[in-house]
Amino acid sequence: MFGYNVKQIAQGWAKKMLKQGEELYKSRIVICKQCPLYNNNPTLFKEVCDASRCVDPETLKPSNNDNAVCGCGCELSAALRLENKECVLNKW
Ligand code: SF4
């Protein structure tokens with residue numbers, strides 16, 4: 001359901017290169033920056049929904065419980081431009 005397949009990755013990067021979906025990106029990244037799964041990683045990609053971080057979906061505190069939700073691993077400056085992209089925490 002929250003998978004981000006190769007076709008979607010290509011579409012996201014194409015939109016980024018063509019500067020499409022800017023408003024959608026801007027409206028979502030504001031929310032992502034407040035999220036505990038957001039990671040600004042200067043070594044690889046700039047902004048990611050960090051797959052190495054998991055939180056309790058109710059408290060948003062770090063968790064390894066069965067119901068914990070982990071980041072999708074998406075590079076956000078591309079992924080957030082896709083209309084059909086879903087946030088793993090349903091924040092937008
Ligand atoms: S869980 Fe949602 S709001 Fe949080 S960083 Fe990932 S995509 Fe953004």
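Which residues have the most contacts inside the largest nonpolar core?

## The nonpolar core

Within the largest nonpolar core, which has 13 residues, the most contacts belong to Val48, Cys49, Cys72, Cys74, Leu76, Ala79 and Leu80. Such a core is a set of buried Ala, Val, Leu, Ile, Met, Phe, Trp, Tyr and Cys residues joined through C-beta atoms within 7 Å, and a residue is buried if 20 or more other C-beta atoms, placed from the backbone, lie within 10 Å of its own. Two or more residues of this core are given by each of helix H2 (22-32), strand S2 (47-49) and helix H3 (76-79), with H3 supplying the largest share, three residues.

## Basis of the model

This is a predicted model, in which local features need pLDDT of at least 70 and side-chain atom pairs count only at pLDDT 80 or more, while totals for chains, interfaces and linings use all residues. Residues are numbered from 1 along each chain as its sequence is written.

## Overall fold

The protein chain holds three helices and four strands, taken as DSSP runs (helices H or I, at least four residues; strands E, at least two) and numbered from the N terminus. Along the sequence they follow the pattern α-α-β-β-β-β-α.

The C-alpha trace spans about 40 × 25 × 25 Å along its principal axes, and buried residues make up 23% of the 92 residues in the protein chain.

## Around the ligand

The ligand is surrounded by Ile31, Cys32, Cys35, Leu37, Tyr38, Cys49, Gly71, Cys87, Val88, Leu89 and Lys91, where a residue is near if its C-beta atom, placed from the backbone, lies within 6 Å.

Methods
A residue is buried if 20 or more other C-beta atoms lie within 10 Å of its own, exposed if 12 or fewer, and partly exposed in between; C-beta atoms are placed from the backbone.
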